[in-house]
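Thanks for coming. Please have a look at the structure on the screen, and then I will go through a few of its parts.

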Amino acid sequence: MSAKRPMLNRRLFCGAGGLALISAPAGFAQARVIVRVPTQYKTLAEAFAALPDAGGVVEIAPGTYREKLSLSKPGVHLVGTGEKPEDVVIVWGDSAKMAGGTGKSASFTVSGDGFRASNLTIQNDYHLTQPDNPSQAVALSISADRAVLRNVRLLGAQDTLYAASKKPTLSSRQYYKDCYIEGHVDFIFGNALAFFDRCHLHIIERNGAFITAHSRTADSETTAYVFDHCRITTAGEGSYYFGRAWRPYAQVIFLDTRIDGRIHPEGWREWTPGKTETYATAHFAEYNSSGPGADVSQRVFWAKRLTADQAAKWRLESVFPDRSWIQ
């Protein structure tokens with residue numbers, strides 16, 4: 001008896017001559033518009049504008065795209081089509097000084113919910129072009145809810161990734177898997193509920209640096225940065241910390257972290273020692289670190305050492321009980 005042929009659904013495809021319909025196996029996600037850069041649209045901004053209000057897929061060929069971008073449409077998926085994320089680079093070079101504020105300095109600003117990106121690089125190269133005039137310079141500013149980034153490189157120096165929420169009372173859920181993120185001062189900052197799964201965090205050379213600066217402002221807010229099975233490396237011999245509390249209820253947890261670089265023995269630092277006391281309400285925790293920087297004997301007294309049961313409350317299934325949006 002011959003096998004039954006699968007039922008077919010129609011899927012939208014944007015070819016050189018415009019939209020076309022092609023068949024896709026039953027069970028395929030909803031019909032999606034696909035646009036390609038640079039074969040159909042020369043710039044990413046043009047491709048974003050061409051997408052319908054419901055979003056779609058942007059396939060990006062290898063190359064460097066020097067554009068300052070903003071994306072508010074929901075359901076947009078960026079796919080780098082190179083062999084590795086280094087092959088597709090989205091880059092700009094603004095700073096807070098030049099643009100009139102930290103948020104305005106971002107190379108790429110994303111507010112559209114359901115955003116996805118894979119196999120590409122987002123960079124702010126301000127620190128490379130003006131090394132003697134330091135400033136905040138964001139690579140990716142993202143407040144999108146249900147955002148998923150896989151195998152993405154985020155490059156910058158101060159304030160590389162602004163992982164934020166649209167409102168303090170409505171946390172944006174963000175999931176980062178197998179990403180590489182580098183910078184120095186507060187290079188992952190903001191107030192999202194963000195989970196970093198097997199990511200590589202690299203501190204570039206500086207006298208002092210902080211991986212995180214979380215900005216939770218009240219105990220009632222359900223935001224945090226969670227790093228699970230991540231790796232930390234460093235360049236240079238500065239004083240480097242897991243983070244400091246940008247706002248008094250900051251919440252950052254490191255689980256099963258491989259610390260191959262130099263992390264200050266105290267681990268964490270007050271926002272401005274001698275002037276602020278965010279440590280009294282912040283929640284900074286660590287569980288089962290390994291590697292040369294894993295000695296917790298000299299950590300600050302207010303940093304938590306989690307038990308296995310306490311760590312379980314910060315695993316992916318607990319942080320995001322509904323993970324249907326992570327696929």
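Is Tyr279 buried, partly exposed or exposed? This is a predicted model, and in the model Tyr279 has a relative accessible area of 28%, so the residue counts as partly exposed. The ring of Tyr279 pairs with the ring of Phe301: their centres are 6.0 Å apart and their planes stand at 75°, so the pair is edge-to-face. Tyr279 sits in the loop between E24 and E25, and Phe301 in the loop between E25 and strand E26, 22 residues apart. Phe301 is exposed, because its relative accessibility is 71% and the cut-off for exposed is over 50%.

Now the aromatic pairs in general. The whole structure has 18 of them. In one, the ring centres of Phe242 and Trp268 are 5.1 Å apart with planes at 40°, so this pair is tilted. Phe242 belongs to strand E22 and Trp268 to the loop between E24 and E25, so the pair ties together parts 26 residues apart in sequence. Both Phe242 and Trp268 are buried. These two pairs belong to one aromatic cluster, whose members include Phe242, Trp268, Tyr279 and Phe301.

Next, Arg244. Its place is the loop between strands E22 and E23. Arg244 has a relative accessible area of 11%, which is under 20%, so it is buried. Its side chain makes a polar contact of 2.9 Å with the side chain of Asp186. A polar atom of that Arg244 side chain also lies 3.1 Å from the backbone oxygen of Trp271.

Last, the largest pocket. It holds about 520 Å³ of space. Its lining has 20 residues, and Arg32, His77, Gly114, Arg116 and Gln327 are the closest to the centre.

Notes:
Residues are numbered from 1 along each chain as its sequence is written. This is a predicted model: local features need pLDDT of at least 70, side-chain atom pairs count only at pLDDT 80 or more; totals for chains, interfaces and linings use all residues. Side-chain values use heavy atoms; hydrogens and water are left out. On a 1 Å grid over the protein atoms alone, a cavity is a set of points where a 1.4 Å probe fits but cannot get out, and a pocket is an open set with protein on both sides within 12 Å along at least five of seven lines; lining residues have an atom within 4 Å of a point. Grid points are joined across faces, edges and corners, and a volume is the space filled by probe spheres set on the points. Helices (H or I, at least four residues) and strands (E, at least two) are DSSP runs, numbered from the N terminus. Buried means under 20% relative accessible area, exposed over 50%, partly exposed in between (1.4 Å probe, protein chains only). A polar contact is a pair of N or O atoms within 3.5 Å; within protein, one must be able to donate a hydrogen and the other to accept it, and residues adjacent in sequence count only if both atoms are side-chain atoms. Rings of Phe, Tyr and Trp (its six-membered ring) pair if their centres lie within 6.5 Å; planes under 30 degrees apart count as stacked, over 60 as edge-to-face and the rest as tilted.
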